[in-house]
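Here's a quick look at one protein chain, with an eye on confidence and on what sits inside. Have the model open while you read.

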Amino acid sequence: MKPLLHPTTQHQLEVAQANPGGYVFFGPRSVGKFTAAVEFARQLNCLGDTDSRACAHCLQFRAGNFPDLIILKPEEKISITVEQVRNLSKTLALSAYGAGTTRIVIVDQAHELTHPAQNALLKLLEEPPQRTRFLLVTPMLDSLLPTVQSRLGRVYFSPLVSDDISEYLVSRYQQLPDVAHELAELGMGLPGLAIAAMRLDDLNDDSSALMSAKKLLGGDIFTRLMWIKQTVDAKADVNVVMRSLQVLIGADMQADRASLEVTAQRLEALKTYYLQTDANVGNRVALERLAVEL
C-alpha cells in the first residue's frame, strides 16, 4: 500500500531512519501525522523492500498486531497522565518481542500530556531503551515543554495537494476517481477530513450532498433559501447534507479559512437546527433559520 505522505515529508522520514532517538510529527489536525508515524514504524521494521507484501513484519502492521508498536494516548481522561507514562516505562524495561526489531512508541495527541507526564517522558527521551524510538504526534508543537522539544527531531506536515489525496482514496479505499476527486476537494488538503466525509452514511450513493453542503455554507442568502425551497419541496432527506456541512465547517477551521469565533457561530447554528428538528419544528423553518445564522 502506498503510504500517504507529502513528498518532502517522505524524504525527511528517510533521513530520520538513519538517526537514533525520537521525533515530533506536527502540523494541522487530520493531515495524516498518525498514519505517517505508523508507516514510519513499518518502514523501520520491514525485513525487505518497503513495498513487499511478503514481509512478515509488514503483514503484522497491516493486521494491526505488530508486537513492538506501542501507542500511548488519552484513555478515560482527556489528558495523558503521569501514571500512563510510568506504566510505559515499566513496559520498556522489558525486552522487545522481536530479536531484530525496532520498538516504536507513538504518543498520539501528545499535546494532551500533562506537565508531570512530560517530565516523566523526558527521562525516557534522555536515556531511551535499546532499539526504541519515540514518535510524538501533535497539532500544537508549543504545547510540549522546551526540554522535551530539545530531545526530538522535528518533522512538519503541511496540507497535501488534492491530487495526492484523491490518488490515495482510489488506491486505498477503491473510490471512483470522480468521487475521490470531490472528496479530496472537500478535505481541502487534510486527508483525514476527506476520509471522514467518505465515511458519512450513504455518501457514496449521494455525493451530491457534498455540493449541497458547499452551497449552503458558501452561497449567499438567496442561494441558500433557493436550495432550501427545492429540498423541502422535493421532500429530500437532508441528514447527509447536514453531516457534510459539519465536515466542511471543520475543514474551514483547520485550514484557517475561518476563525474560531466564526466556527463556533456556525456550529451553534447547526446545533440549533438539530434541536429544533428534535422538537418537531418544521424542517423548512429550521433550515431557513440555519441559512440566516450560518
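This is a predicted model, so let's start with confidence. The chain's mean pLDDT is 82, with 86% of its residues reaching 70 or more.

| Stretch | pLDDT | Contacts beyond four places in sequence |
|---|---|---|
| residues 1–8 | under 50 | 23 contacts |
| residues 201–206 | under 50 | eleven contacts |

Now for the inside. The largest nonpolar core holds 56 residues, and Phe25, Leu135, Leu169, Met242, Leu245, Leu287 and Leu290 have the most contacts inside it. Helix H12 (residues 239–254) supplies the largest share of this core, with eight residues. Apart from this core lies another, made of 25 residues, including Leu72, Ala120, Leu141 and Leu145.

Take Leu245 as an example: setting aside neighbours within four places in sequence, Leu245 touches Ala213, Leu216, Leu217, Leu270, Leu290 and Leu294.

What about Leu136, buried or exposed? Leu136 sits in strand E4 (residues 132–138), and it counts as buried because its relative accessible area is 0%, where the cut-off is under 20%. Its contacts, again leaving out neighbours within four places in sequence, are Tyr23, Val24, Phe25, Val107, Ala110, Leu113, Leu121, Leu144, Val148 and Leu152. Asp108 is 28 residues away from Leu136 along the chain, yet their C-alpha atoms are separated by 6.3 Å.

Terms used:
Residues numbered from 1 in each chain as written. Predicted model: local features only at pLDDT ≥ 70, side-chain atom pairs only at ≥ 80, totals over all residues. Heavy atoms only, no water. Core = buried A, V, L, I, M, F, W, Y, C linked by side-chain atoms within 4.5 Å. Buried < 20%, exposed > 50% of the residue type's maximum accessible area, 1.4 Å probe, protein only. Helix = DSSP H or I, 4+ residues; strand = E, 2+ residues; numbered from the N terminus. Contact = heavy atoms within 4.5 Å. pLDDT = per-residue confidence, 0-100.
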